[in-house]
Amino acid sequence: MIKLIQHPVLTHKLTLLRRKETPSKVFRATVEELSELLTYEATRELALRETEIETPITRCTAQVLAEEKFVIVPILRAGLAMVAGALKILPDAAVGHIGLVRDETTHKPVEYYRKIPANLAEKTVLVVDPMLATGGSTSAALKILKEHGARKIIFVNIIAAPEGIKKIADEHSEIPIYTAAIDDHLNEKCYIVPGLGDAGDRIFGTGSD
Ligand code: PRP
Ligand code: URA
């Protein structure tokens, strides 16, 4: 279930990420900004419930979020840069972590870390990762979260490739994917084209100078 969020400000910020000369400092800050904007859109369908409150003037019926327990789960490493932005929208959320890295030859994800809050069945889980390429990492993270009991999951992403979108539709058809861009294809190294390169390296400055 792909939801492409289109907005000139998103498009402008995305271009900053795509430009190869954008330094890590600006790249990181822009990923955080996009994460905040996309999380705002990704939470648009959340249900509300009525509650009685008192304003300084009078009693009235007002509305609050029906579901108040949220968990944000970044897929390490690149997803880490999206946590602060998502927390601006959902400041009371817990944060779990799933560490996955793509094997350079097979391009399949290898798990190296997992710390997930308890009782996921009662919570809304937002998985955050800027890149959906083959879909292997996102699919593995969604499987892990379902094994931990998660029933309501939303994936917040910045750039998706058609290959990854198809994989998630095939393997996790009920999960909504909120993204700012659907790019053209994957290259022979399974990088997104045109994409933005290696998101983790650009965020953490670990690529070649
Ligand atoms: C990147 C990215 C995603 C994954 C997407 O992580 O952050 O997690 O690749 O590719 P996929 O859809 O083909 O699985 P990477 O494995 O490079 O690790 P890193 O974030 O630590 O650099
Ligand atoms: N991971 C990245 O960081 N970039 C891509 O283009 C594909 C996977």
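**Helix packing and pockets in a predicted model**

The crossing of helices H4 and H5 is right-handed. H5 comprises residues 162-171, and its axis comes within 9 Å of that of H4, the two crossing at roughly 25°. Because angles under 35 degrees count as roughly parallel, H4 is described as roughly parallel to H5. On the side of H4, the contact is made by Gly136, Thr138, Ser139, Leu142 and Lys146, which meet Lys167, Ile168 and Glu171 of H5. By class, the residues of this contact comprise two nonpolar, three polar and three charged.

Helix H1 spans residues 8-18 and helix H2 spans residues 24-42; they pack at an angle of about 150°, and their axes are 9 Å apart. Since angles over 145 degrees count as roughly antiparallel, H1 is roughly antiparallel to H2. The crossing of H1 and H2 is left-handed. H1 contributes Val9, Leu10, Lys13, Leu14, Leu16 and Leu17 to the contact, while H2 contributes Val26, Phe27, Thr30, Val31, Glu33, Leu34, Leu37 and Leu38. The residues of the contact of H1 with H2 divide into 11 nonpolar, one polar and two charged. Among the charged residues are Lys13 of H1 and Glu33 of H2.

The largest pocket has a volume of about 700 Å³. Its lining consists of 30 residues, of which Val101, Arg102, Tyr191, Asp198 and Gly200 are the closest to the centre of the pocket. Several elements give two or more residues to this lining: the strands E4 (70-76), E6 (97-102) and E9 (131-132), together with the helices H4 (136-147) and H6 (199-204).

The lining of the second largest pocket has two nonpolar, six polar and five charged residues.

Key. Residues numbered from 1 in each chain as written. Chains lettered and ligands numbered in written order. Predicted model: local features only at pLDDT ≥ 70, side-chain atom pairs only at ≥ 80, totals over all residues. Heavy atoms only, no water. Axes fitted to C-alpha atoms, helices over the stretch in contact; angles between N-to-C directions. Helix = DSSP H or I, 4+ residues; strand = E, 2+ residues; numbered from the N terminus. Parallel < 35°, antiparallel > 145°, perpendicular 65-115°, else oblique. Left-handed = near helix turned anticlockwise from the far one by under 90°. Contact = heavy atoms within 4.5 Å. 1 Å grid on protein atoms, 1.4 Å probe; cavity = no way out; pocket = protein on both sides within 12 Å on 5 of 7 lines; lining within 4 Å. Points joined across faces, edges and corners; volume = space filled by probe spheres on them.
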